[in-house]
Amino acid sequence: MPLKHVIIYTDGACSGNPGPGGWGCVLMYGEHTLELHGGEECTTNNRMELTAVIRAVEALKVPCDIELHSDSSITVNGWNKWLEGWKKKDWRTTTGPVANRDLWERLEEAVLAGGHRLRLYKAAGHSGDPLNDRCDALARLGTKENTPG
């Protein structure tokens, strides 16, 4: 049986780096759309970018063929090009430990446990793409909701 084709857009944001951060995602399947957002009081932009992807994948209830668009080069390249090499080198790069290893492992587990096929594509950030812009607004909302005071 073919997997359901789901299109997802994600974004992360941070006010200060580190600082309060947020993530947002839009999931689309046929006529159905789901928007999610959240955040943390003290985080980094890269953690929020990865968290957006993780939370989107974890929201899926059945195995899916996921076409995911992110404006984060680190997220896209990490999944598409670097992940297998990092694991072979015991989660090390030429300059030291892989940043956010916990999130990379959580993402991989979510994909494998869900029976998903995940393909990441680089979206042009802040370029007028309505779905990328919506994710940016959701991520900023998550940041605002997690800013103390």
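**Basis of the description**

The expected span of a helix is 1.5 Å times one less than its number of residues. The model is predicted: local features require pLDDT of at least 70 and side-chain atom pairs pLDDT 80 or more, whereas totals for chains, interfaces and linings use all residues. Residues are numbered from 1 along each chain as its sequence is written, and side-chain values use heavy atoms, without hydrogens and water.

**Helix α1**

Helix α1 comprises 14 residues, 45-58, and spans 20 Å between its first and last C-alpha, close to the 20 Å expected at 1.5 Å a residue. Helices are DSSP runs of H or I with at least four residues, strands are E runs of at least two, and both are numbered from the N terminus.

Buried residues (under 20% relative accessible area, 1.4 Å probe, protein chains only) of α1 include Met 48, Leu 50, Val 53, Ile 54 and Val 57. Glu 49 and Thr 51 are also buried.

**Overall architecture**

The protein chain contains four helices and seven strands, in the order β-β-β-α-β-α-β-β-α-β-α. Its radius of gyration, over C-alpha atoms, is 15 Å, close to the 15 Å of the globule rule for 149 residues, so the chain is as compact as a globular protein of that length; the rule is 2.2 Å times the number of residues to the power 0.38.

Of the 149 residues, 46% are buried. Among contacts with a separation of 6 or more, 68% join residues 24 or more positions apart.

Methods: Buried means under 20% relative accessible area, exposed over 50%, partly exposed in between (1.4 Å probe, protein chains only). Contact means heavy atoms within 4.5 Å.
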